[in-house]
Amino acid sequence: MSKAEDKGWVEFIARFKGNGRLQSLHERRRFIREQGRWQYVDGQIHQRPEAEKVGRNAPCPCGSGKKFKRCCG
């Protein structure tokens with residue numbers, strides 16, 4: 001097994017509603033494999049200056065397939 005296969009990154013964006021506004025958390029985490037098990041090493045959080053804004057007729061970011069105003073809005 002090469003050294004490149006023993007390292008990996010996971011990146012995700014979690015969207016949620018907090019304080020009545022749609023917000024998001026964008027994070028990238030680094031892992032290494034030791035003795036066949038993946039171990040968390042560290043991560044980076046990418047913060048946005050203010051809460052994300054979604055139009056009422058835009059698709060809901062929760063992934064429901066509904067319009068924002070009919071779902072989380």
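Buried residues make up 12% of the 73 residues in this protein, where buried means under 20% relative accessible area, exposed over 50%, and partly exposed in between (1.4 Å probe, protein chains only). What you see is a predicted model, in which local features need pLDDT of at least 70, side-chain atom pairs count only at pLDDT 80 or more, and totals for chains, interfaces and linings use all residues. Residues are numbered from 1 along each chain as its sequence is written, and side-chain values use heavy atoms, with hydrogens and water left out.

How confident is the predictor? Its confidence in each residue, pLDDT, runs from 0 to 100. The mean pLDDT of the protein is 80, and 86% of the residues reach 70 or more.

Now to the fold. The protein has 0 helices and 3 strands, and its pattern along the sequence is β-β-β. Helices (H or I, at least four residues) and strands (E, at least two) are DSSP runs, numbered from the N terminus. Among these elements, strand β1 (residues 7-18) has the lowest mean pLDDT, 86, while strand β3 (residues 37-46) has the highest, 90.

The strands form an open sheet in the order β1-β2-β3, with antiparallel pairing. The edge strands, β1 and β3, each pair on one side only. From one strand to the next, the twist averages 25°; axes are lines fitted to C-alpha atoms, for helices over the stretch in contact, and angles run from 0 to 180 degrees between N-to-C directions. Two strands pair if DSSP finds at least two bridges between them, and 9 bridges join strand β2 (residues 21-34) to β3. Here are two residues with their partners in β3:

| Residue | Opposite residue in β3 |
|---|---|
| Arg33 | Trp38 |
| Arg28 | Gln44 |

Where does the loop residue Gln35 lie? Gln35 is found between β2 and β3, in a hairpin with 2 residues between the strands. Most residues other than glycine have a negative phi. Gln35 instead has a positive phi, near 55°. Gln35 counts as exposed because its relative accessibility is 83%.

Phe16, Leu25 and Ile45 make a nonpolar surface patch of about 250 Å², and Ile45 has its place in strand β3. Accessible areas come from the Shrake-Rupley method with a 1.4 Å probe, and for residues only the protein chains shown count as cover. A salt bridge is a side-chain nitrogen of Lys or Arg within 4 Å of a carboxyl oxygen of Asp or Glu.

Notes. pLDDT = per-residue confidence, 0-100. Patch = residues over 30% accessible without salt bridge, like charges linked within 9 Å, V, L, I, M, F, W, Y side chains within 5 Å.
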